[in-house]
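Trainee: I have a structure open and some questions about it. Can we go through the inside of it together?
Mentor: Go ahead.

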Amino acid sequence: MNPPETAAPIDPHLPAESLRLPARGFTIDRRKALIVAAILWAGFFMMVWAVTSGRTGGFDEFGLLSARTGADRAFAGSHLMLEMVRDVTAMGGVLLRNLFAIAAVVALLFLSLRREAALFALTVAGGWIANSALKGIVGRERPQIVPHLMEAGGESFPSGHSFNSAVVYIAMALAFASMSARHSVRYTIVGSAMVLSAMIAWSRVMLGVHFPSDVTAGWLGGAGWAFLAAALLYKPAKAAADSELAKGPDPAGS
């Protein structure tokens, strides 16, 4: 990320209500974002090729059976562990995922980071469209190797849960990471979001509702979109943030 365009100096001796937040965060290094996106999308299309050519059977079966035990292939962990897996997967569900996304937009606007809020909103909306389009590439049925431990419908490849979770949480991390000038802080925030979204993706396998190749492809595609959008949608987001409409009432009251 590059230095901020403008930043108001903050006097630590002023009362809290007198502090002014920076009008701009640190910009994303679009060249690095494009490189990361290219690597992730290459991985996604390799998974598409592997699935359509029938080369993921061993990987899929091993992943689905790794958390099961006995002749009935029941969940191998305790009841508490199963509830934890369900809690993790819920973070990628439509309700919680979108609530977090809306809260992130509101928080960014209160922090006067309109550009980051616009970029995040465009990324999430574009990710939903991209995932819907990609669902038609393979049209795979859900796995029947193990019992499903929760209800799930629709096509299996790529995993929409994994794709959209990666988009929302990684794009959110990129937006809030722009508040720090330190590379270590930014990388930690983004890396943590990548780990969280990967956990959400694998929880779908543990619950038996997706093949490992479904969630791998979904996560690679979603993460790839988050970084690609950060690079390609920067200028439209900046134009939207700088428009007269966006410069209406300031939610922070500044």
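Trainee: Where does the largest share of the lining of the largest cavity come from?
Mentor: It comes from α5, which gives five residues. Keep in mind that this is a predicted model.

Trainee: Which helices each supply at least two residues of that lining?
Mentor: α5 (114–138), α6 (160–177) and α8 (212–232) do. The lining of the largest cavity has 15 residues.

Trainee: Which of those lie nearest the centre of the cavity?
Mentor: Ile-28, Glu-116, Leu-119, Leu-174 and Ala-175.

Trainee: How much space is in there, and how many cavities of 30 Å³ or more does a search of the whole structure find?
Mentor: The largest cavity holds about 120 Å³. The search finds one cavity of 30 Å³ or more.

Trainee: What is the lining like by class?
Mentor: It has 10 nonpolar residues, three polar ones and two charged ones.

Trainee: Back to Glu-116. What does its side chain meet in a salt bridge?
Mentor: Arg-115, at 2.6 Å from N to O. Both Arg-115 and Glu-116 are buried.

Trainee: New topic. How many salt bridges does the structure hold?
Mentor: Four. One of them pairs Arg-140 with Asp-60, with the closest N and O atoms 2.8 Å apart. That pair links distant parts of the chain, 80 residues apart: Arg-140 is in the loop between α5 and α6, and Asp-60 is in helix α2 (residues 57–65).

Trainee: Are those two buried or exposed?
Mentor: Arg-140 counts as buried because its relative accessibility is 16%, and the cut-off for buried is under 20%. Asp-60 has 3% relative accessibility, so Asp-60 counts as buried as well.

Trainee: What else does Arg-140 form a salt bridge with?
Mentor: Asp-214, and there the closest N and O atoms are 2.8 Å apart. Asp-214 lies in helix α8 and Arg-140 in the loop between α5 and α6, so the pair ties together parts that are 74 residues apart in sequence. Asp-214 counts as buried, because its relative accessibility is 0%. Through shared partners, the salt bridges join Asp-60, Arg-140 and Asp-214 into one network.

Trainee: What about Arg-142, where is that?
Mentor: In the loop between α5 and α6. Arg-142 is buried but has no salt bridge.

Trainee: Which side chain of opposite charge is nearest to Arg-142?
Mentor: Asp-214, which is 6.2 Å away. A salt bridge needs the nitrogen and the carboxyl oxygen within 4 Å.

Trainee: And which side chain does Arg-142 make a polar contact with?
Mentor: The side chain of His-210, at 3.1 Å.

Definitions and conventions: Residues numbered from 1 in each chain as written. Predicted model: local features only at pLDDT ≥ 70, side-chain atom pairs only at ≥ 80, totals over all residues. Heavy atoms only, no water. 1 Å grid on protein atoms, 1.4 Å probe; cavity = no way out; pocket = protein on both sides within 12 Å on 5 of 7 lines; lining within 4 Å. Points joined across faces, edges and corners; volume = space filled by probe spheres on them. Helix = DSSP H or I, 4+ residues; strand = E, 2+ residues; numbered from the N terminus. Nonpolar A, V, L, I, M, F, W, Y, C, P; charged D, E, K, R; others polar. Buried < 20%, exposed > 50% of the residue type's maximum accessible area, 1.4 Å probe, protein only. Lys, Arg positive; Asp, Glu negative; His and termini not counted. Polar contact = N/O pair within 3.5 Å; in protein donor to acceptor, adjacent residues only side chain to side chain.
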